[in-house]
Amino acid sequence: MSPSDLPSHLQLAPGNWASLLDGLCARFPRIPRNQWLERFARGRVQALDGTPLQPQQPWRVGLEIRYFREVAQEPVIPFAAQVLYQDDELLVADKPHFLPVIPAGRYVRETLLARLLAATGNRDLVPLHRIDRGTAGLVLFSCNRRTRAAYQQLFGNGGIDKGYEALAPALPEMAFPHERFSRIERGEPFFRMVECDGPANAHSRIRVIERMGALWRYGLEPVTGRKHQLRVHMAALGAPICGDDCYPEPRPRGIDDYSAPLQLLAQRLAFIDPLDGRQREFHSARRLAPWGES
């Protein structure tokens, strides 16, 4: 088993479970009961202050707990991130395709956060936002818990200018720049998002950077921040992003299949620094290539 030093947090949802163990088994049906018992026995299910919890404690709705994820035979991701900038407050990482930002699913140590914690030794390091595992490019981290709220507020009030690039099929009949408005909600299976009827809650700006025959390089700006928004909008326009294994339809991909990365790049982040009023702007050093390399 590969243990994580990074706790996951969970607020206990409404349910009629008699014990903490019963509720966790119901909440995470893929984790065997005996595995939860082992975690409890090793003190890896805790209250927020680090006090170990017991499996037979009652399930208390609203209680927030933390637990440490463990993954059997965690696959090694053979791609490295680069640190583009670092000071006392911020770190800017340039993430490769296929590397998750935070622990999720089968990945605990093979994540951008875990690698940066190991490299910097800064336990206060926290991502201020996330991009998909399949997306490459910029991720902004807070290095200082005392100033973190000021930077988090930028993301909450639209103070971050985000620019993406994507490779996708040509749309010669469409006028650009194009503004896409739609309503995006959670679909089926659980990991997919879908456009549906109702008031728009997602807005993307789309322009053409380069025309390369059957494939074009697009500049994408997510005005709102719905999950998978850019991928859903491009697929809805008839130009799904190259390498997308989720839209317009899910396509199975092997754990170690790195042959066709999603051709989506978080290329630019710009904002006015809330601490000193400086204009800050960062650009990814990566470049999408028509043959699927970046």
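Two residues are in contact when heavy atoms of the two lie within 4.5 Å. By this criterion, Ser204 touches His178, Glu179, Arg180, Glu221, Val223, Gln229, Leu230 and His233, leaving out residues up to four places away in sequence. The model in which these contacts are found is a predicted one. Ser204 belongs to strand S11, which covers residues 202-212. With a relative accessibility of 1%, Ser204 is classed as buried, because the cut-off for a buried residue is under 20% relative accessible area. The side chain of Ser204 also forms a polar contact of 2.8 Å with the side chain of Gln229.

The chain as a whole contains five helices and 14 strands. Its radius of gyration is 21 Å, close to the 19 Å given by the globule rule for 294 residues, so the chain is as compact as a globular protein of that length. Along the principal axes, the C-alpha atoms fill a box of roughly 65 × 45 × 40 Å. Buried residues make up 47% of the 294 residues in the chain. Among contacts with a separation of 6 or more, 63% are between residues 24 or more positions apart. The accessible surface of the chain is about 15000 Å², and carbon and sulfur atoms account for 51% of this surface.

Helix H2 spans residues 33-41, and its buried residues include Gln35, Trp36, Arg39 and Phe40. Viewed down the axis of H2, the buried residues fall within an arc of 140°, so they line one face of the helix. Just after H2, Gly43 has a positive phi of about 70°.

Strands S4 and S5 comprise residues 82-86 and residues 90-95, respectively, and pair in the antiparallel sense over four bridges. Within this pairing, Gln82 has Asp94 of S5 as its bridge partner.

The loop between S5 and helix H3 (112-120) contains Phe98. The phi angle of Phe98 is near 80°, a positive value in a residue other than glycine. Phe98 is buried, at 5% relative accessibility. A positive phi also occurs at His228, where the angle is about 60° although this residue is not a glycine. His228 is placed in the loop between strand S12 (215-222) and helix H5 (229-236). The relative accessible area of His228 is 12%, and the residue is therefore buried, given the cut-off of under 20%.

Pro177 lies in the loop that runs between strand S8 (161-169) and strand S9 (178-186).

Another proline, Pro240, is located in the loop between H5 and S13. Its relative accessible area is 24%, so Pro240 is partly exposed; the class of partly exposed residues lies between the buried limit of under 20% and the exposed limit of over 50%. Pro240 and Ala168 are 72 residues apart along the chain, and their C-alpha atoms are separated by 6.0 Å. When neighbours within four places in sequence are set aside, Pro240 is in contact with Ala168, Pro169, Met234, Ala235, Tyr247 and Pro248.

Strand S13, comprising residues 264-272, includes Gln267. The relative accessible area of Gln267 is 18%, and this residue is buried. A polar contact of 3.4 Å links the side chain of Gln267 to the side chain of His283. His283 is also one of the residues that Gln267 touches beyond four places in sequence, together with Leu138, Gly163, Tyr164, Glu165, Phe282 and Ser284.

How values were computed:
Residues are numbered from 1 along each chain as its sequence is written. Side-chain values use heavy atoms; hydrogens and water are left out. Two strands pair if DSSP finds at least two bridges between them. Helices (H or I, at least four residues) and strands (E, at least two) are DSSP runs, numbered from the N terminus. Buried means under 20% relative accessible area, exposed over 50%, partly exposed in between (1.4 Å probe, protein chains only). A polar contact is a pair of N or O atoms within 3.5 Å; within protein, one must be able to donate a hydrogen and the other to accept it, and residues adjacent in sequence count only if both atoms are side-chain atoms. The radius of gyration is taken over C-alpha atoms; the globule rule is 2.2 Å times the number of residues to the power 0.38. Accessible areas come from the Shrake-Rupley method with a 1.4 Å probe; for residues, only the protein chains shown count as cover. The arc is that of the directions from the helix axis to the C-beta atoms.
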